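Subject: Structure handover

Hello,

Here is the structure you are taking over. My notes on what was found in it follow below.

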Amino acid sequence: MSRNIVVLVGTQFFKKTFSTKGFLILLGVFIMVLCYVSINSWNAYKTRHHAIKEHQVKARESWENNPDKHPHRMAHFGTFVFRQQHPLSIFDSGIESYTGNAIFLEAHRQNTANFSEASLQTGLVRFGDFSIALLLQLILPLIIFFIGYAAISEEKEKSILKISYLQGAEMKEILLGKTVGLFLISSLFFIPSFLALWGISYLENQTTYNEIIIRTLCITVSYLLFFMILCGITVVVSAQSKNSSKALLSLLGIWLLFFIIIPKMAQTVGNYWYPNLSKIEFKAAVEAEVSKKGDSHDSNDPYFKQLRDSVLKVHKVKDVKELPFNYGGFIMSKGEAQTAEIYKKQYEKLIESYRNQNSITQNLVVFNPFLAVKKISMSLAGTDFDTYVNFLDQTEQYRYKQSQQMNALQMKFISNKAKGSEGKTHVVDKTYWKSFPDFTYQYIPIFQILSKNLLSVISLLFWMLVIILVITRFSNRFKII
Amino acid sequence: MYLLLIKQFFRSKTVLLAFGILMLLGVLSIGTGKQFLNQQERTITKTVEQHNKHLETQLRLHKDDLGLLMYYFKFSFINSLQPLAGIAIGQSDINSHIQNVTILNLEGQKYDTDLVNPLRLQVGNLDISFLIIFLFPLIIIALNFNVLSEEEEKGTWKMISIQGKTPFFFLLKKLSIRVFFVFVALALLFLFAKIVLHIPFTIGFINFIAVSYVYLIFWFSVCFFVVLLRKSSSINAIILLTMWLVLVVFLPVVINQYIVTKYPIANAFSMTIKQRDEYHKRWDTDKQETMDKFYKHYPQFSKYDVKKEGFSWLWYYAMQQMGDDESRLEREALYAKIKSRENLSRKWAQFFPPLQIQLSMNEIAQVSLSHHLKFLEATTQFHEGVRLDFYPKIFENQKATSVTWEQFKPSFYKASTTFKIVKILPVLLLIGILVGASIFIKTRTF
C-alpha cells in the first residue's frame, strides 16, 4: 500500500468537500450551536453549583447552630445532602436531570432523593437534554453520513473510480484515503467540541475533581475512536452501494436503527422483562422482615425483651434505669443496626433489578458503538447510573454513622431517668454537633470506572479493528464499476 | 389505476420495512402502556392492602395513645391514572401518584418520589405518543421523499407527463395512497390500544386521536411541499431529515434548556430546609410563642391549653404545623417558578407542532406537570381534612378505639382535564400555510 496515494486521496476529498457550497454554512451553524450550548450549559452548571453550595452551607449552619439538645432530637433534625454535579456534566448531562437532588438523612428512616430536575420541568423534558455530548453522539454522526455518503459511490457513477484504478491506485488505498479525508473533515467539527471539553476541564481542575484531566483524556480518546469508526462505516457503505442515493438511504437507516430505535427498544424490553418493586411494595418487604426479626418500638417484642434481659443480667441489675448507660439509646442503636441491614439487603435487590433493566442496553454495546461511546462518556462525566447509586450509598453510610453517633451520645450522656427528649435538662453539649463531620461526596476512582466500562472500550476497539480489516483485507470485494 | 398504484406501492422494500418496524414498535408500545397501567393497578391494590395491615399493627402497638398512633399512621391518597395514560405516559413515571402521609409536617413528605430506575427515565418510554411524535414523521418522510424524484430519476415521469392529462393529479393519487395507509396504520394502533388498554370512548380519547391525525397531516404537508420543489431524491431526503431533526430533536431540547436556565429552581431546596428548621427549632424556643402561632392559624383549638413544663401532643403537633406554616413563602416562590416554566413552554410550543402535540397529549391524558401540581394541591387539602379530624381527638386525649377507622380508607383523587381542542389551531394554521405554499410552487414547477 502506498502512503502517498492514501494521502493524496485524503487531501483531495478534504479539499473537495471543503469547497462544496453550503459546507461552510453547515460548519458555521454547528459551531454556533456548539458555542451556545457550551455557554448555556456552563451558566446553568454555575448557577446550580452555587445554589447547591449555598444551600448545603445553610443546612450545615443550621445543624451547627443547634443549642444544647437531646441527641435523639438531633438524630431527627438530620442532615440535608444536596447533590453536587461533576463539572464534566456540562459536557455530558447523562441521567443528571432524572436523579434526585436533595436527600434528607435522619434516624430510623431512609428517605428518597427528591426534587430531580425533571420532576420540576414541563412536558418538554421528554425530548431529552441538550449538551455537547448530544451534538457529538447524535448530530455529528449524521453530519458525517451526509458529508461522506457519496465518497465512493459518486466516483463510481461518474466513472472516476475506474480511471483512478487504471492509474495505479488500489481499492484499499482509495478506501483508506477517503476515510482519512472524511475524518479530517469531521475533525473541523469535533476539534472545537474538544476545545470546549478541555476548556471546562482546565477551568475546573481543582483537587475535588483531581482526576478530571484523565477523565477528559479518556473521553477524548473514545470519541476519536467513535468518529474513526463512523468515517470507516460511511466509506464502506458508500463503496458497497450501487448508487449515491442508495448509500444515503442505507446510512440514514443505520442512523435511525442504531442511534434511535435500538437504544430505546433495548431499555423498553429491559423494563418489561425485569419490573422493579414500587415504593409501597419495597417498604412492605422491609417492614415484613423487620417485624420478623423484632420491632424495637414494641415493648413486648420477644427479641428485644430477650436482649433487655441479657443486658440486665450482664450488668447485674434489675431494672434498665439502673444501667450505667442510657438504655433507650442502646435499644435504638440496636434497632438502627438491624433495620439498616435489612434495608440494605432489600435496597441491593432493588438496585439489582435496575441493573437487570439496564443489562440489555449494557450488553448491546458490543454491537452498537453508539451505545458504547454513550456509556463511556456518561461514566467519565460522572453522570451515569453507577455514580448515582454510589452517591446514594455514601449518603446512606453517612446517615447510619450520624444516627449511631447520636445514639452513642445518648447512651453516654443522657440519664436513664429522662422521660423524653423535651426541655433543657437532658441535653448534650452543642460542641458535639460541630465536631460531627459534614457530608462530602467522593467520586468513583477512574480506575474503577474504566474497569466497569471495559466492555464498551473493547467494543470500540473491536469495531475499529473490523473496519480496518474490511478496508485492508477485503477491499477486493468492492466493485469498481 | 389505484389498484396498480397500490400494488406498486407495496412492491418497495422500504414500504414493507417501514410498516413492519411501525407495527413491531406499535405492539411494543402498547405492551409498554399495558405494563405501566398494570403496575399502577398493582401498586394501588398493594396500597389498599398495606393500609389495612398498617392500621392493624399500629392499633395493636399504640391503641392507648392516639397522639403516638398518629405520629406513625399513614394515610393514602391516590391519583389513579386513567387508561389514556397508557398511550401517553408523559411525566407520570417521573412524579409519584401515590401519597402516603402522616398528619405531621406535610412539606417534608409530599415530594417523596417513587422508586424508578433513573436510566429508564432518561431513555424515556416507548409509548404510542412517542411513536406518533418521533417515528410517524420518519415513516412519512421515508414513504414520500422520492415520490416524484424517483420517477424523474428512473425516467418514468416523462412517460407519465406524455400519457396523463394532468401529471399533478397522478402525483396527488400517489400521495393519497400514502396518506391512506399511514392513517390506517395509526387507526390500527389506536384500535389495538383501545382493546388492550380498555380505553373508553370519551371526549379525551377522541381529542387524542384528532390531535394525532392533525400532526400526521402536518408532516404530510411538509413532505408535499418539499417534493414539489423538484430536487433529487438525495437532496429531498437530506432536507426532510434535517427538518425532522430540527423540529423533533433539536429545537425542543434547545427550548427546554432555555426555559430551565431562565427559571432555575433553587427554591425547592430553600423550602425543604425551611420546613425542617421551622419545626425543629420549636423544641428550643418559647412554648407559648409556638402555641400563639398555632392558635392564630386554628382559633377553634385555642380552648386547648398547654402545660408550661413537659411534653404534650398539642404542643408537638403545633410544632409540626409550624414546618408547613412558616415555609409558605418559599413554597409559593417555588410554585410560581414552576408556573412560569409552564407558561413559557406553552408560549414557545405554539410555534412548533411537535412541542404543541406533546404538551396537548400530556394534558389530554392528564399526565402533565400541571396535573401533578393539582394533585399536590389536592394532597394538601386531603391532609388538612385529616388533620382537622384528628387534632381535636388527639388534644382531648381520646382513645384510638373511639375513632371510626373505616372512614379513613385510601382516598382517590379525581383529576379533571383542562384541554381544549382549539389549542391545536396554530398547527392547523401551519398546515394551511404549507399547503398554500405548495400550491403556489405547483403553479411554477408544473
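Is B:Glu363 buried or exposed? B:Glu363 counts as buried, at 5% relative accessibility; buried means under 20% relative accessible area, exposed over 50%, and partly exposed in between, with a 1.4 Å probe and protein chains only.

Some notes on conventions. This is a predicted model, in which local features need pLDDT of at least 70 and side-chain atom pairs count only at pLDDT 80 or more, while totals for chains, interfaces and linings use all residues. Residues are numbered from 1 along each chain as its sequence is written, chains are lettered from A and ligands numbered from 1 in the order in which they are written, and side-chain values use heavy atoms, leaving out hydrogens and water.

Salt bridges

B:Glu363 forms a salt bridge with B:Lys423 (2.8 Å, N to O); the term means a side-chain nitrogen of Lys or Arg within 4 Å of a carboxyl oxygen of Asp or Glu. B:Lys423 lies in the loop between β3 (411-412) and α17 (425-445) of chain B, and B:Glu363 in helix α15 (residues 353-364), so the pair ties together parts that are 60 residues apart in sequence. Helices (H or I, at least four residues) and strands (E, at least two) are DSSP runs, numbered from the N terminus. B:Lys423 is partly exposed, at 27%.

Over all chains, the count is 34 salt bridges. One of them joins B:Lys154 to B:Glu150 at 3.5 Å, N to O; these two are four residues apart in helix α6 (residues 149-154) of chain B, so about one helical turn separates them. B:Lys154 is exposed at 62%, and B:Glu150 is partly exposed at 29%. A network of salt bridges links B:Lys274, B:Glu278, B:Lys281, B:Arg282, B:Glu289 and B:Glu330.

Helix α13 of chain B

This helix (residues 313-326) has 14 residues. Because 12 of the 14 are buried, α13(B) is largely enclosed by the rest of the structure. Its buried residues pack against α3 (66-72), α11 (267-280), α12 (287-297), α14 (328-349) and α16 (369-395) of chain B.

Nonpolar cores

A nonpolar core is a set of buried Ala, Val, Leu, Ile, Met, Phe, Trp, Tyr and Cys residues joined through side-chain atoms within 4.5 Å. The largest has 220 residues, and B:Trp244 is among those that touch the most other members. Helix α9 (residues 203-228) of chain B gives this core its largest share, 17 residues. A second, separate core of 41 residues includes B:Trp315.

Regards

Key. Expected span 1.5 Å × (residues − 1). Contact = heavy atoms within 4.5 Å.
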